[in-house]
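Visitor: I'd like to hear how the labels on a structure like this get assigned. Can you take me through them one at a time?

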Amino acid sequence: MAVGMKRKRSDEATDAAVSLPNKTAKPASRRMVVERTVCVPEDMQPQLQRIAASNRTAFEKKVWTLLCQVPRGHVSTYALLAAHLGSSPRAVGNALRRNPFAPQVPCHRVVATGGTLGGFKGKWPKDGEGITIDEKRKLLRGEGIKIDDKGRVLGTPWAGFN
């Protein structure tokens with residue numbers, strides 16, 4: 001059977017063919033390759049090099065590289081990072097949980113959309129556990145982040161990703 005021809009299904013034993021319209025591909029337009037410059041604080045350059053040299057997944061590297069843009073004294077949310085990456089907040093949280101460069105690559109600067117602290121180091125606080133959320137709270141307060149008595153971060157999440 002010729003290209004562009006399709007057999008018509010029928011209950012009869014005939015072998016009728018139907019002609020499909022010819023579709024021609026449009027010529028590909030020339031695409032410009034533009035190098036993107038990621039704006040990060042200068043003190044984060046060594047961290048970007050460590051991330052790039054690591055043998056982690058491409059997605060984890062993207063998350064951690066994006067995280068390096070969040071300035072000291074600010075927080076962002078799992079959802080804002082996810083929206084910028086075209087991913088889900090849960091996937092971002094999982095990548096942050098696996099961050100081997102913390103706290104230099106500051107996953108503590110990412111909170112839940114409602115301002116609650118979320119998890120830290122892949123854990124939720126338990127009775128008698130001195131790390132996790134308490135450690136995250138201490139790191140954030142050390143950067144000047146205000147946290148209310150209900151444990152929510154005050155202020156607007158940073159969303160200036162490029």
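Guide: What follows is a chat about the terms and the values behind them. This is a predicted model, where local features need pLDDT of at least 70, side-chain atom pairs count only at pLDDT 80 or more, and totals for chains, interfaces and linings use all residues. Residues are numbered from 1 along each chain as its sequence is written, and side-chain values use heavy atoms, with hydrogens and water left out.

Visitor: What makes something a helix or a strand here, and how many are there?

Guide: Helices are DSSP runs of H or I with at least four residues, strands are runs of E with at least two, and both are numbered from the N terminus. The protein chain has 5 helices and 4 strands, in the order β-β-α-α-β-α-α-β-α from the N terminus on.

Visitor: Why is α1 called roughly antiparallel to α2?

Guide: Helix α1 (residues 45–53) and helix α2 (residues 58–67) pack at about 175°, with axes 10 Å apart. Axes are lines fitted to C-alpha atoms, for helices over the stretch in contact, and angles run from 0 to 180 degrees between N-to-C directions. Under 35 degrees counts as roughly parallel, over 145 as roughly antiparallel, 65 to 115 as roughly perpendicular and the rest as oblique. So α1 is roughly antiparallel to α2.

Visitor: Which residues meet there?

Guide: Leu48, Ile51 and Ala52 in α1 meet Lys61, Trp64 and Thr65 in α2, where contact means heavy atoms within 4.5 Å. They divide into 4 nonpolar, 1 polar and 1 charged.

Visitor: Why is the pair of Trp64 and Phe101 called edge-to-face?

Guide: Rings of Phe, Tyr and Trp (its six-membered ring) pair if their centres lie within 6.5 Å; planes under 30 degrees apart are stacked, over 60 edge-to-face and the rest tilted. The Trp64 and Phe101 centres are 5.8 Å apart with planes at 90°, so the pair is edge-to-face. Trp64 sits in helix α2 and Phe101 in the loop between α4 (89–97) and β4 (110–111), 37 residues apart. Both Trp64 and Phe101 are buried.

Visitor: How many aromatic pairs does the search of the whole structure find?

Guide: The search finds 2. Trp158 and Phe161 also pair, with centres 5.0 Å apart and planes at 85°, so they are edge-to-face too.

Visitor: How do you know whether Trp158 and Phe161 are buried or exposed?

Guide: Buried means under 20% relative accessible area, exposed over 50%, partly exposed in between (1.4 Å probe, protein chains only). Trp158 is at 19%, so it counts as buried. Phe161, at 13%, is therefore buried as well. Of the 162 residues of the protein chain, 30% count as buried.

Visitor: What about Ala159?

Guide: Ala159 is at 49%, so it counts as partly exposed. Ala159 lies in the segment after α5 (133–142). Ala159 and Val70 are 89 residues apart in sequence, yet 8.2 Å apart in space, C-alpha to C-alpha.

Visitor: What makes the peptide bond from Ala102 to Pro103 cis?

Guide: Its omega is near 0°. Pro103 is in the loop between α4 and β4.

Terms used: Nonpolar A, V, L, I, M, F, W, Y, C, P; charged D, E, K, R; others polar.
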